[in-house]
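Here is a brief tour of one protein chain.

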Amino acid sequence: MSDNESEGPTNQTTEPVDNAWSLKIPAFKPEDNPHGLVEESSFATLFPKYREKYLKEVWPLVEQCLAEHHLKAELDLIEGSMVVKTTRKTWDPYIIIKSRDMIKLMARSVPFEQAKRVLQDDTGCDIIKIGNLVHKKEKFVKRRQRLIGPNGATLKSIELLTDCYVLVQGNTVSALGPYKGLQQVRDIVLDTMNNVHPIYNIKALMIKRELMKDPKLAGEDWSRFLPKFKNKNISKRKQPKNKKPKKEYTPFPPQQPESKIDKQLATGEYFLNKEQKQAKRQQERTAKQAEAAKKQDERRNKDFVPPTEDTPGPSRKRAAKDNKVDVQALKAKLMKANKKKERS
């Protein structure tokens, strides 16, 4: 029996829970399952070649850790696989799932010291596949590096805010920690691979952490405090220089164009006989030839047309008046010059 059951009957209510994360899950003890498991369960996972040396060194510690929970572990270096099995003494039915998660994390380059934490009840793991989220390899590498940050600063800040251990390896992101933090890590990773910078989610988590400290804001909406970032990415597709304006939508189909018979009916040509039609065509041809001949004559006689001369205007008369010499003033000037010579 668990601690809660030993104390007395618990009050079971069907009312909604305000904060499910604050609920404490009762511990599962050997007394809760005295008969053990009916059948043996086992899980196996493959590991890459470069993990063989590390796993071979730490495997005694893995066997010792799993033996505490009455589990058996096997390492097959030939096939490159790790196997966990239940024994007759295993009393916890969910510990085999936890041990399966542990060997999966170790295959994804998570160290044993971190991977063994998943065996605890309040700790879970999440392996996020990011390889198929971005089609182009160059974009995938850039966004994965954006998640890590310079010298791993972004990844470290995510770990501090979510209380989770996060490891980016190849096409997957391995996370280990409390279930609420795992949910936040998954949201950040998926947003990053969808071209949303992780700094935006990190800022939102920092603001939420500060708001949680204020009891007055516990029952209020926090959306007004959180930053709202707009996507400023503009399509780089080349726009045409001259855009055709879109026509207004009308539910009616466009008017059918007039046929040749409709045009002849409108002009009255349809009702003419064969001779009248030929006469009309001859008349139109003659008029067109006369117009073309006129244009040809104008083009030929263009070089023989004399240019128009400019008529003398008021400006020329004014210039002629200005050219007249003042005789009296010239005489006075000469006499003055002669007197100066005589004196000298």
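## Charged pairs

K49 and E52 form a salt bridge, with their closest N and O atoms 3.1 Å apart. K49 itself is exposed, at a relative accessible area of 67%. Keep in mind that this is a predicted model.

Side chains of opposite charge can pair when their charged atoms come close. K213 and E210 give another example: their side chains meet in a salt bridge at 3.5 Å, N to O. K213 is exposed too. Its relative accessible area is 60%. In total, 5 salt bridges are counted.

## A bridge across the sequence

Which residue forms a salt bridge with D126? The partner is R186, and the closest N and O atoms are 2.8 Å apart. D126 lies in strand β4, residues 124–129. R186 lies in helix α7, residues 179–193. The pair therefore ties together parts that are 60 residues apart in sequence.

R186 is partly exposed, with 31% relative accessibility.

## The chain as a whole

The chain has 344 residues, and 24% of them count as buried. It contains 12 helices and 6 strands. The accessible surface comes to about 28300 Å². Carbon and sulfur atoms account for 53% of that surface.

Contacts also reach along the sequence. Take those between residues at least 6 apart: 58% of them join residues at least 24 apart.

In soluble globular proteins, nonpolar side chains tend to be buried together. Here the largest nonpolar core has 27 residues. Those with the most contacts inside this core are V62, L66, M82, M102, M106 and F112. Several elements each supply at least two of its residues: α2 (52–67), β2 (71–76), β3 (81–86), α3 (95–107), α4 (112–115) and β5 (165–169). Which element gives the most to this core? It is α3, with 8 residues.

L66 shows the packing in detail. Leaving aside residues up to four places away in sequence, L66 touches L71, A73, V84, S99, M102 and L119. A second core is separate and has 20 residues. Among them are I128, A175, L182 and I202.

Definitions and conventions. Residues are numbered from 1 along each chain as its sequence is written. This is a predicted model: local features need pLDDT of at least 70, side-chain atom pairs count only at pLDDT 80 or more; totals for chains, interfaces and linings use all residues. Side-chain values use heavy atoms; hydrogens and water are left out. A salt bridge is a side-chain nitrogen of Lys or Arg within 4 Å of a carboxyl oxygen of Asp or Glu. Buried means under 20% relative accessible area, exposed over 50%, partly exposed in between (1.4 Å probe, protein chains only). Helices (H or I, at least four residues) and strands (E, at least two) are DSSP runs, numbered from the N terminus. Contact means heavy atoms within 4.5 Å. Accessible areas come from the Shrake-Rupley method with a 1.4 Å probe; for residues, only the protein chains shown count as cover. A nonpolar core is a set of buried Ala, Val, Leu, Ile, Met, Phe, Trp, Tyr and Cys residues joined through side-chain atoms within 4.5 Å.
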